Amino acid sequence: MGSSDTASNVAVPRHVAIIMDGNGRWAQRRFMPRVEGHRRGAQTVRRITEAAARSGVGYLTLFAFSSENWRRPADEVGALMSLFAVALKREALNLRDNGIQLRVAGELSRFSPEIQDGIRECEQMTANGRNMVLTVCANYGGRWDILSAMRSILSERPDIAKNPECITESMISEHLAFNWAPEVDLMIRTGGEQRISNFILWQAAYAELYTSSVLWPDFGPEELQKALNWYAGRERRFGMTGEQIQAQKLGSK
């Protein structure tokens with residue numbers, strides 16, 4: 001998708017992206033293994049997905065597993081893969097029944113054939129969902145996404161290397177990992193950290209950034225509503241001044 005055409009305040013963000021941080025710390029504070037935090041975090045995914053759909057969010061994108069997460073201890077990575085496989089099977093029917101379409105974005109070839117099959121089955125099962133699109137980013141990185149888009153463009157149009165001025169923002173957007181979604185309006189990070197960690201860099205260029213100190217397993221619908229309320233009070237400028245925004249509002253009345 002291209003950049004937003006107009007600057008406006010929208011009470012409910014069309015596209016919300018969440019960096020789900022804090023599972024490991026949640027478990028450690030309770031003297032539990034880190035994998036237990038990930039299990040509790042998976043339960044939070046269902047609650048937040050349903051709450052976002054009820055709130056009128058059209059697209060919800062969750063950062064489940066980054067391309068850098070492979071560096072974690074092997075036993076934790078293995079547990080994450082098992083949880084992912086189980087969650088796909090468990091949640092497919094619930095998503096379908098709630099009219100939520102699931103899409104998975106990332107470099108999926110590194111996952112086991114079983115997980116890849118599970119992803120395809122869940123995407124097919126929920127393909128007719130119209131209430132909301134849930135995108136799970138797995139083995140995903142923002143830099144990888146942009147690099148892959150450029151490689152795809154050059155593969156399709158080798159002539160363009162001699163005419164780089166032909167490359168447009170919309171062309172790049174169309175080749176990104178989840179080109180089905182509009183640009184991000186609101187990006188939420190839980191767990192108290194204040195960085196975007198290589199998450200959807202292109203699509204979040206004008207996103208409003210909201211950080212919560214609440215660890216992901218404890219991030220319930222009421223915490224999501226706090227973020228949505230905060231967003232509703234923001235003045236989205238897209239590079240313009242506050243005076244220009246007010247003039248636009250007056251001109252649209």
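Guide: A residue is called buried when its relative accessible area is under 20%, and exposed when that area is over 50%. This is a predicted model. Of the 253 residues of its protein chain, 47% count as buried. The chain has 8 helices and 6 strands. Along the sequence they follow the pattern β-α-α-β-α-β-α-β-α-α-β-β-α-α. Among contacts in the chain with a separation of 6 or more, 76% join residues 24 or more positions apart.

Now the helix. H5 covers residues 142-156. Its 15 residues reach 21 Å from first C-alpha to last, close to the 21 Å expected at 1.5 Å a residue. Which of its residues are buried? They are Gly142, Asp145, Ala149 and Ile153. These four lie on the same side of H5, because they cover an arc of only 70° around the axis. An α-helix has 3.6 residues a turn, so residues three or four places apart point the same way. On the other side of H5, Arg143, Arg151 and Ser155 are exposed.

What covers the buried residues of H5? The cover includes strand S4 (132-140) and helix H6 (169-174). Follow S4 next.

Leu134 sits in strand S4. Its relative accessibility is 4%, so Leu134 counts as buried. Set aside neighbours within four places in sequence. Leu134 then contacts Thr49, Leu60, Leu62, Leu95, Ile100, Gln101, Leu102 and Arg103. Tyr59 is 75 residues from Leu134 along the chain, yet their C-alpha atoms are separated by 6.0 Å.

S4 also takes part in the largest pocket. About 980 Å³ of space lies in that pocket. Its lining has 44 residues, and Met20, Asn23, Phe63, Ala64 and Phe65 lie nearest the centre. The elements that give two or more residues to this lining are helix H1 (23-29), helix H2 (34-55), strand S2 (59-66), H3 and S4. H3 supplies the largest share of the lining, 10 residues.

Next, the packing. In soluble globular proteins, nonpolar side chains tend to be buried together. Here the largest nonpolar core has 39 residues, and Ile18 and Ile188 have the most contacts inside it. Helix H3 (residues 74-97) gives the most to this core, with 7 residues. Apart from this core lies another, of 17 residues, among them Ile19, Phe178, Val184 and Ile200.

What does Ile18 touch, neighbours within four places in sequence left aside? Its partners are Ile48, Leu60, Thr61, Leu62, Phe63, Ile188, Phe199 and Trp216. Leu60 and Leu62 are also among the contacts of Leu134. Phe63, another partner of Ile18, is one of the residues nearest the centre of the largest pocket.

One last stop, further along the chain. Arg236 is found in the loop between helix H7 (221-232) and helix H8 (242-252). Is this arginine buried or exposed? At 5% relative accessibility, Arg236 counts as buried. Tyr206 is 30 residues from Arg236 along the chain, and their C-alpha atoms are separated by 8.4 Å.

Back to H5, then. One side carries the buried Gly142, Asp145, Ala149 and Ile153. The other side has the exposed Arg143, Arg151 and Ser155. S4 and H6 are included in what covers the buried residues.

Conventions:
Residues numbered from 1 in each chain as written. Predicted model: local features only at pLDDT ≥ 70, side-chain atom pairs only at ≥ 80, totals over all residues. Heavy atoms only, no water. Core = buried A, V, L, I, M, F, W, Y, C linked by side-chain atoms within 4.5 Å. Buried < 20%, exposed > 50% of the residue type's maximum accessible area, 1.4 Å probe, protein only. Contact = heavy atoms within 4.5 Å. Expected span 1.5 Å × (residues − 1). Arc of directions from axis to C-beta. 1 Å grid on protein atoms, 1.4 Å probe; cavity = no way out; pocket = protein on both sides within 12 Å on 5 of 7 lines; lining within 4 Å. Points joined across faces, edges and corners; volume = space filled by probe spheres on them.
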